[in-house]
Amino acid sequence: MRESIEIIVSDFNTLTDKEKNLLLNGLTQHFGKDIVISSTGLSLCNQDEIETIRNMLGGLILTKEYVPDILRRFKKCTPLCL
């Protein structure tokens, strides 16, 4: 679990402030409690919560990386491409 926490903290720190706030708001709503993304804060979470946080963070990062390419692709596409 320690390795997962380190990965979460490292990945979280690559996000912009706006993205961090979006993720933290989503996590707070999902878990019904405040989540602190730090080694100390995440050590208070159980394994299922850590896995959920890691998955949500991973989804946000994947979306951030690939959505601009998808949007660019469809802008170049004519209506016949669809």
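Glu49 counts as buried, at 13% relative accessibility. Its salt-bridge partner is Lys33, with the closest N and O atoms 3.1 Å apart. Glu49 lies in helix α4 and Lys33 in the loop between α2 and α3, so the pair ties together parts that are 16 residues apart in sequence. Lys33 is partly exposed, with a relative accessible area of 33%. All of this is read from a predicted model.

**The overall layout**

The protein chain has four helices and zero strands. Along the sequence the pattern reads α-α-α-α. Of the 82 residues in the protein chain, 26% are buried. The chain exposes about 5900 Å². Carbon and sulfur atoms supply 55% of that area. Now take the contacts in the chain with a separation of 6 or more: residues 24 or more positions apart account for 62% of them.

Which residues of helix α1 are buried? Helix α1 covers residues 2-12, and its buried residues are Ser4, Ile5, Ile8, Val9 and Phe12. These residues cover an arc of only 135° around the axis, which puts them on the same side of α1.

In soluble globular proteins, nonpolar side chains tend to be buried together. Here, the largest nonpolar core has 15 residues. Ile8, Ile35, Ile37, Leu42, Ile53 and Leu57 touch the most other members. Helices α1, α2 and α4 each supply at least two residues of this core.

Ile37 shows what such contacts look like. Leaving out residues up to four places away in sequence, Ile37 touches Ile8, Val9, Phe12, Leu24, Leu27, Leu42 and Ile53.

**Leu23 in helix α2**

Leu23 is found in helix α2. Is Leu23 buried or exposed? Leu23 counts as buried, because its relative accessibility is 6% and the cut-off for buried is under 20%. Not counting residues up to four places away in sequence, Leu23 touches Phe12, Leu15, Met56, Leu57 and Leu60. Leu23 and Ile35 are 12 residues apart along the chain, and their C-alpha atoms are separated by 9.8 Å.

**The salt bridges**

How many salt bridges does a search of the whole structure find? The search finds three. The table lists them.

| Salt bridge | N to O distance |
|---|---|
| Arg2 and Glu6 | 4.0 Å |
| Lys64 and Glu19 | 3.0 Å |
| Lys33 and Glu49 | 3.1 Å |

Arg2 and Glu6 both belong to helix α1. Being four residues apart there, they are separated by about one helical turn. Arg2 is partly exposed, with a relative accessible area of 46%. Glu6 counts as partly exposed too, at 46% relative accessibility.

Lys64 counts as partly exposed, at 37% relative accessibility. Glu19 is buried, with a relative accessible area of 15%. Leaving aside neighbours within four places in sequence, Glu19 is in contact with Leu60 and Lys64. Leu60 is also among the residues that Leu23 touches.

Definitions and conventions. Residues numbered from 1 in each chain as written. Predicted model: local features only at pLDDT ≥ 70, side-chain atom pairs only at ≥ 80, totals over all residues. Heavy atoms only, no water. Buried < 20%, exposed > 50% of the residue type's maximum accessible area, 1.4 Å probe, protein only. Contact = heavy atoms within 4.5 Å. Areas by Shrake-Rupley, 256 points an atom, 1.4 Å probe, with all protein chains shown as cover. Arc of directions from axis to C-beta. Core = buried A, V, L, I, M, F, W, Y, C linked by side-chain atoms within 4.5 Å. Salt bridge = Lys/Arg side-chain N within 4 Å of Asp/Glu carboxyl O.
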